[in-house]
Amino acid sequence: MQYTKEYSVAARAVVAALLGCAAAYVALLLLKNHLPAFQWNFDDGFDLSAAQKNCDVCKKAFYGAFFLSAPIAAAAALYVTRQSSGSLTLSTITAALVYLALYAANDYGSFRYALILLTMAAVTVGINRGANNYFPPVKASTNFPFTVRMVDLLAVAFLVLLLIPSDLERVTSVVRDESHKVSYFIGPALYNYAHGLVPGLDYHSHYGPALGWFFHLIMGSGWKSAAMRAVGLNIAITLATYIQAYFLLTYLIRSRLAAIGVVTALAVLAFSTANHFYSPSAYPTRFPLLIVFALAIGLHCSAPRRPAWLIVSAIMCAVSLLWQTEIGLFFLLTGAFVAAVAGGFPDYRNALLFIVTSIATALLLCLLLFGSRVLSLTFLIECFRPLVLYGTGWGSTPIKWALSWSILYNLPLQIVGCITIGWASIRLSRASDSKRDLFVTGVLLTLSMIGIALMIKWVNRTLDAVWHQNALPLVIVAAWWIRQFSAAWQPRFRNAAGASVAVATVLALLFVQDRNNPHLYGLRSYANYPSLLTWPFVSPSPGTWQEDFGRITETETKFIQDNTKPDERVLVIAMMDWAYLAQAHRAPEAYFMPLLVSFDAQFMNRSMSAANKLFYDNIVERRPESPRVREAMERIKQDFMPVETKGNLTLYERRH
């Protein structure tokens, strides 16, 4: 198949759409040229309300318009354009000029230079309309069987050694009081110590309604077990995702060496700072079903008249909705679109089947897990409310059109994704390819749509491990296209190019850095990780748990248990409130865990207003810099009175 020629046709249309969206973006900046100045490091905050008011419109106008118009333009070009293929070189030049124009307009405020660069880009688009590249003929693909050989097992073993720690307790203890693992897994799991509690109605599950239910099954007894198993689960999902990515890449690009190289590079880029696997958001934990979902959709595309694989993918979508609502929505939109396209657009029957099966399965699972109380509008609203809360913040900061190596995440990968969506939509709707080609096209379309959705929230944030994990689907798609273009190269040139890329990748992993976020990244961060791979060569220092955990003794645990019932919800005001409750096997009265880092002020008010008694750890008084801590101390002084003290805890009861 002439994939490379079709790619060039679609690329010409996509960069033309990019030019139009960039012109509109620069016009918006001219209208909103008083953007607030932000400090781009993690120690300084920013005015969120000002960001939403002044920056959100500009950013969403650009990316929203581009991600909608570019695939449509690519598909239209493939339908109507047969006069010329366009030049990939000219398309690349157009994209580069547009990026420089955005850089000039946004970072320097040099709108004159921006307009000149946009004009030059428009000229290249005009020239490209009549340009042609020479693409050597490529034979139609034959069925390439999926096989697992001994070398694949060696690759899996290497990933196991790379990612599994030799000392899980040390990895967990270094994390110390970082709150993400608590709000993601441990906090929601604690509510299952009481019966009949429903996420959204009785407590806030930070990412998905079923996370707490699942983790409660495996968290074990006590705070140390819960903390270690949260990190262990994070590592297990990360390892499983990379192993799946390796086998998928091996099948797509037919090179085991390249596949393990790409996967290893992404795995190492997941390491940042001196702490590892502390934040599920920075790892594939949010989308454990990504690869298998794409495979199921691809199998449906190879036989769109048989709904079996479509139903399987819909069930995976339902599970994802309960695991991480945002990711589940990405799966839902992607699956519905692919179902409507595969076999001839529009296929309303398959699209409707996918949507109905996904939603019905998700609802059935909620009923089984939480009972009939989920049949309420409040439950639905609360399940989706985090999307609104997390859709701003970093997502509303001004676009950083930097010229560093991180430029890759600002546009190039998304451009490849947009081209692939337009190209794949046409190929699937024609349904004239072989079953293998239809399968591959469906997989690429699925990964492109989900990849773009993952990238838009974190695009051009200061260098962050989340970038690299969200880029995984688009990196797989880009690797497949690179293979298509390199297939006709001379073996000597192809080997030289591969060696150059390998050297450049190693150098990037060694020296990757963001001056605005001066943490360790890549191999320098991985060097601090006690993996099985490095265990024979280094002697890591033993980890020590934060002193706060030493305050949770048998005295405090028994004090909580003696003054509460096993099924009773308990309010603990402590920096390690979750650890006290995990040790005592009690469900939190707090609406969100950990309470003292609540991102919503209403959570604190709702939690303390419902409590008739609470347990207070006076270490809180030593850390009054947090607004939640100050609020809790004021509410205790105003509404509660001390009753009894045991160890480090004081029991307070509400004043009458």
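Reader: Is strand β6 mostly covered or mostly open, and how many of its residues are buried?

Author: In this predicted model, strand β6, which spans residues 649–654, is mostly covered, with five of its six residues counted as buried.

Reader: Which way do β4 and β6 run, and how many bridges join them?

Author: Strand β4, made up of residues 613–617, runs antiparallel to β6, and five bridges join the two.

Reader: And what about β5 and β6, how many bridges there?

Author: Strand β5, covering residues 640–646, is joined to β6 by six bridges, and that pair is antiparallel as well.

Reader: Which residue of β6 stands opposite Tyr-616?

Author: Tyr-616 stands opposite Thr-650 in β6, and Thr-650 also has Thr-645 standing opposite.

Reader: What does Gly-647 do in the hairpin of β5 and β6?

Author: The hairpin leaves two residues between the strands, and Gly-647 takes a positive phi near 60° there.

Reader: Changing topic to the cysteines: how many disulfides does the count come to?

Author: The count comes to zero disulfides. Cys-366, for instance, is in no disulfide, and the nearest cysteine sulfur, which belongs to Cys-383, lies 6.1 Å away, whereas a disulfide would need the two sulfur atoms within 2.5 Å.

Reader: Is Cys-366 buried or exposed?

Author: Cys-366 has a relative accessible area of 6%, and because buried means under 20%, Cys-366 counts as buried.

Reader: Then why does Cys-301 count as buried?

Author: Cys-301 counts as buried because its relative accessibility is 2%, and the cut-off for buried is under 20%.

Technical notes: Residues are numbered from 1 along each chain as its sequence is written. This is a predicted model: local features need pLDDT of at least 70, side-chain atom pairs count only at pLDDT 80 or more; totals for chains, interfaces and linings use all residues. Side-chain values use heavy atoms; hydrogens and water are left out. Buried means under 20% relative accessible area, exposed over 50%, partly exposed in between (1.4 Å probe, protein chains only). Helices (H or I, at least four residues) and strands (E, at least two) are DSSP runs, numbered from the N terminus. Two strands pair if DSSP finds at least two bridges between them.
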